[in-house]
Amino acid sequence: MAFWSKDYDSPDLDPKRGFRFKVMFAGVQGSQEQSLVWWAKKVTKPSFDVTESKHTFLDKHFYYPGRLDWQTVSLTLVDPVTPVDAVAQTNALIEACGYKLQGSAQEKLVTMSKGKATAALGDCKIVQLDAAGEPIETWTLKNPFIKNVKYGELSYESDDLVEIELEIRYDWATCDTRIASQDAGT
């Protein structure tokens with residue numbers, strides 16, 4: 001029976017909604033509560049492609065699956081001034097990855113590395129919520145780092161809030177769902 005034909009008293013019968021989510025970076029500030037990126041406006045969920053190999057035999061083509069290739073995740077942030085300035089936070093993350101502005105001779109010798117870049121963000125979590133604010137789906141990006149930053153656009157013709165766009169690269173992702181957790185417990 002379809003979800004829309006049942007009694008709506010149970011929160012499990014409400015379909016997943018695109019506006020109920022939160023994004024968290026474990027390495028951003030320390031405690032889990034502080035790692036919440038509350039100014040996240042939009043995020044793409046992880047996705048992947050499977051490569052293929054083509055084999056030709058006589059006049060036919062046969063395809064074989066290859067490697068799984070995880071795609072980047074895009075994150076759009078609103079840029080508040082307080083309590084956390086998103087530009088300042090993003091700049092701090094990039095510096096924690098190992099990028100240093102031109103300065104002293106010692107700073108010129110510092111470069112980015114995967115270890116520093118993944119430690120700066122820690123595990124990135126995209127948590128989809130139900131109507132009660134409880135997690136129903138949690139994607140965890142493993143070894144994520146910032147690949148691309150766009151600091152927004154300014155225009156005298158717009159009343160929009162300034163946004164920052166981040167593109168995040170990761171090695172793989174895991175997905176925990178409330179249903180799978182309940183099934184595992186039985």
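**Ground rules.** I number residues from 1 along each chain as its sequence is written, and side-chain values use heavy atoms, with hydrogens and water left out. Because the model is predicted, local features need pLDDT of at least 70 and side-chain atom pairs pLDDT 80 or more, while totals for chains, interfaces and linings use all residues.

Buried means under 20% relative accessible area, exposed over 50%, partly exposed in between (1.4 Å probe, protein chains only).

**Helix 2.** Helices here are DSSP runs of H or I, at least four residues, and strands are E runs of at least two, numbered from the N terminus. I found Ala86, Gln89, Thr90, Leu93 and Ile94 buried in helix 2. They fall within an arc of 140° (directions from the helix axis to the C-beta atoms), so they line one face of the helix. Gly98 follows helix 2 with a positive phi, near 120°.

**Salt bridges.** I searched for a Lys or Arg side-chain nitrogen within 4 Å of an Asp or Glu carboxyl oxygen and got 7 salt bridges. Lys16, Lys45 and Glu137 form a network. The closest N and O atoms are 2.5 Å apart for Lys16 and Glu137, and 2.7 Å for Lys45 and Glu137. Glu137 is buried at 6% relative accessibility, whereas Lys16 is partly exposed at 45%.
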